[in-house]
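Visitor: Hi, could you walk me through this model? I'd like to hear about the overall fold and then a few residues.

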Amino acid sequence: MYQQEKIKPYESKEEKGKLVEAMFDNIAPTYDTLNHRLSWDIDKRWRRKAINSLAAHKPQAMLDIATGTGDFAILAAKMLNPTTLIGADISEGMMSIGRQKVKKEHLEHIIRFQKEDCLHLSFPSETFDAVTAAFGIRNFQDLDQGLKEMCRVLKKGGQLCIIELTTPVSSPMKELFKIYAKVVLPFYGRLISKDKHAYDYLNKTIAAFPQGEKMMEILKEAGFAKTTFKRLTFGICTMYLATK
């Protein structure tokens, strides 16, 4: 078991997956605003860079895991023009906002949302040309199982792209980020989201989540062949790319 799998958003004997679902339902109305403000809108640049990494492969059938309110799915639909893109998430609250955004962008012919347990996806094996996940896999109750499922539904030769928040490894950003993560992020998160536990939890999972070379090993054990990673914005975010 990885350290972040032990961290729950609320004190409860209930399994982590159910608590994560409740947490995202709670913070859904303010999630987009808070995300963009806390990252000074740099998260938009990270998404664009991740989607650009898939452009050469021209994926037609895509799956966006832990899609949330659909920001990554919407941008991917615009930039890559796939035939179909399914946004999968456990939180109906988040996807409800995503559906409104997709309708506003007139992308209903490409994007649809579907409630899924990311540890037990309902899709047949080798369904998708590309599977993506932006800022979501550190919430998995079982990281190994979640990645194995992402590999299972990916076609042979298909592409995986993950972007995830990470802790910088070099000074002085390493020290500056610790201050920001411990003081600014939880305070601002509680102020806007009104959920005093949610952003404390999200902050703790960033620090506990395996990253870099360790994540490469985990991806290979899940079934992926070629794996690479790139640290973005001084290591605040990391992009992981893998081929089945």
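Guide: Happy to; we can start with the whole chain and then look at single residues.

Visitor: What should I know about the model before we start?

Guide: This is a predicted model, where local features need pLDDT of at least 70, side-chain atom pairs count only at pLDDT 80 or more, and totals for chains, interfaces and linings use all residues. Residues are numbered from 1 along each chain as its sequence is written, and side-chain values use heavy atoms, with hydrogens and water left out.

Visitor: How many helices and strands are in the protein chain?

Guide: The protein chain has 8 helices and 7 strands. Helices (H or I, at least four residues) and strands (E, at least two) are DSSP runs, numbered from the N terminus. The radius of gyration is 17 Å, close to the 18 Å that the globule rule gives for 244 residues, so the chain is as compact as a globular protein of that length. That radius is taken over C-alpha atoms, and the rule is 2.2 Å times the number of residues to the power 0.38.

Visitor: And what share of the residues is buried?

Guide: Of the 244 residues, 56% count as buried. Buried means under 20% relative accessible area, exposed over 50%, and partly exposed in between (1.4 Å probe, protein chains only).

Visitor: Which residues have the most contacts inside the largest nonpolar core?

Guide: They are Trp46, Met62, Leu85, Leu107, Ile111, Phe135 and Ile163, in a core of 33 residues. A nonpolar core is a set of buried Ala, Val, Leu, Ile, Met, Phe, Trp, Tyr and Cys residues joined through side-chain atoms within 4.5 Å. Helix α3 gives the most to this core, with 7 residues. There is also a second, separate core of 32 residues, which includes Cys118, Phe128, Ile162 and Tyr240.

Visitor: Staying with α3, is Phe72 buried or exposed?

Guide: Phe72, found in helix α3 (residues 71–80), is buried, with a relative accessible area of 3%. Leaving aside neighbours within four places in sequence, Phe72 is in contact (heavy atoms within 4.5 Å) with Arg47, Ala50, Ile51, Asp64, Thr132, Ala134 and Ile163. The C-alpha atoms of Phe72 and Arg47 are separated by 6.3 Å, although these residues are 25 apart along the chain.

Visitor: New topic: how many disulfides does the structure hold?

Guide: The count is 0, where a disulfide is a pair of cysteine sulfur atoms within 2.5 Å.

Visitor: Last one: which residues are buried in helix α8?

Guide: In α8 (residues 213–221), the buried ones are Met215, Met216, Ile218 and Leu219. Seen down the helix axis, they fall within an arc of 165°, so they line one face of α8. The arc is that of the directions from the helix axis to the C-beta atoms.

Visitor: What covers them, and what does the face turned away carry?

Guide: The cover includes α5 (143–152), β5 (154–165), β6 (226–232) and β7 (237–243). The face turned away from the buried side carries the exposed residues Glu213 and Glu221. Just after α8, Gly223 takes a positive phi of about 120°.
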